[in-house]
Amino acid sequence: MILERNNFPNVKQIAKELDRSGLKDQLKDFKSLIAIYQLRHAGANEIGTKLENLDDEYSVNYDHNPIHHMEERMKSINSLLRKLKKKGYPITIDSISKNIHDIAGIRVVTNYIEDIYKVEDALVRQSDITLLKRKDYIKEPKPSGYRSLHIVVSVPVFQSNGVFDVPVEVQIRTIGMDMWASLEHKLRYKTDVPADKVEKHTANLQKYAGDLYDIETRMQEIFKDLQ
Ligand code: GTP
Ligand code: MG
């Protein structure tokens, strides 16, 4: 399955989002912000190509390909500013460059739980990749029930003026975990749902996350038995 790639973020779009945010005065150095987005996008391209190559290789050399599909996304300006505020980081180019590692993100959706760690290992083992951060929300799910493996890797990007180590966030999860996260995300961000409904659905979703994990574990056992 190939990666759904993003085109390089539209510069006009970033300008418009920044305008709307009301923080344009605080972030005067607009050109540098675009440059950060360009570099991070180049990083996502490098990691995306590595994952596509692994995907090809799995199809050729193995009966089972752990990768089901992949998506790439660049963080919106709104969510970038929200994150800076939430974490109490200064709203400056320097602070964005240093503190925000998930401007470029790739999501890898796998068939089975064990596939998640296979993909992680095959990526992180590559000699030009450095693992910067790792959060295993499968071993320790979030209170919501959210499960996924989040890693931030750094990859060298060759630009005209030299080589730069660029951070890219990779979220790896199963189809089941992905389905759950999409629905839970909808519940979390839909503003017109009555409070009692939110409470009920939140509680159910928390339980279903565990149920799904159970089912996925049992289906993985069947799959392994058939290998
Ligand atoms: P942010 O990127 O600002 O959210 O913080 P962080 O760097 O501490 O990231 P974290 O490891 O908590 O993961 C953040 C991302 O994971 C979010 O942008 C979502 O895509 C996903 N995520 C984390 N928790 C949940 C959750 O409870 N439900 C859903 N649906 N997604 C989640
Ligand atoms: Mg994030």
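**Exercise 1.** Through how many residues does a hairpin join β5 to β6? Describe how the strands pair.

*Solution.* The model used here is a predicted one.
- Step 1. The hairpin that links β5 to β6 runs through two residues.
- Step 2. The strands concerned are β5, residues 149-159, and β6, residues 162-174. Their pairing is antiparallel and covers 11 bridges.
- Step 3. Individual partners can now be placed on the pair. P156 lies opposite D165 in β6, and H150 has Q171 of β6 as its bridge partner.

**Exercise 2.** Work out the order of the strands in the open sheet, and find which strands lie at its edges.

*Solution.* In general, the strands of a sheet pair through backbone hydrogen bonds, in either a parallel or an antiparallel way.
- Step 1. The open sheet has six strands, in the order β1-β2-β3-β6-β5-β4.
- Step 2. Its edge strands are β1 (3-4) and β4 (130-136), each of which pairs on one side only.
- Step 3. In the sheet order, β6 stands between β3 and β5. With β3 (residues 104-110), β6 pairs in the parallel sense over six bridges; V109 stands opposite R173 of β6. With β5, the sense is antiparallel.
- Step 4. The pairing of the sheet is accordingly described as mixed.

**Exercise 3.** Classify the angle between α1 and α2, and list the residues in contact.

*Solution.* Two packed helices are described by the angle and the distance between their axes.
- Step 1. Helix α1 covers residues 11-21 and helix α2 residues 30-61; their axes come within 11 Å and cross at roughly 125 degrees.
- Step 2. Because of this angle, α1 is oblique to α2.
- Step 3. The crossing of α1 past α2 is right-handed.
- Step 4. From α1 the contact takes V11, I14, A15 and L18, and from α2 it takes F30, L33, I34 and Y37. Sorted by class, these are eight nonpolar residues, with no polar and no charged ones.

Conventions: Residues are numbered from 1 along each chain as its sequence is written. Chains are lettered from A and ligands numbered from 1 in the order in which they are written. This is a predicted model: local features need pLDDT of at least 70, side-chain atom pairs count only at pLDDT 80 or more; totals for chains, interfaces and linings use all residues. Side-chain values use heavy atoms; hydrogens and water are left out. Axes are lines fitted to C-alpha atoms, for helices over the stretch in contact, and angles run from 0 to 180 degrees between N-to-C directions. Helices (H or I, at least four residues) and strands (E, at least two) are DSSP runs, numbered from the N terminus. Angles under 35 degrees count as roughly parallel, over 145 as roughly antiparallel, 65 to 115 as roughly perpendicular and the rest as oblique. A crossing is left-handed if the near helix is turned anticlockwise from the far one by less than a right angle, and right-handed if clockwise. Contact means heavy atoms within 4.5 Å. Ala, Val, Leu, Ile, Met, Phe, Trp, Tyr, Cys and Pro count as nonpolar, Asp, Glu, Lys and Arg as charged, and the others, Gly among them, as polar. Two strands pair if DSSP finds at least two bridges between them.
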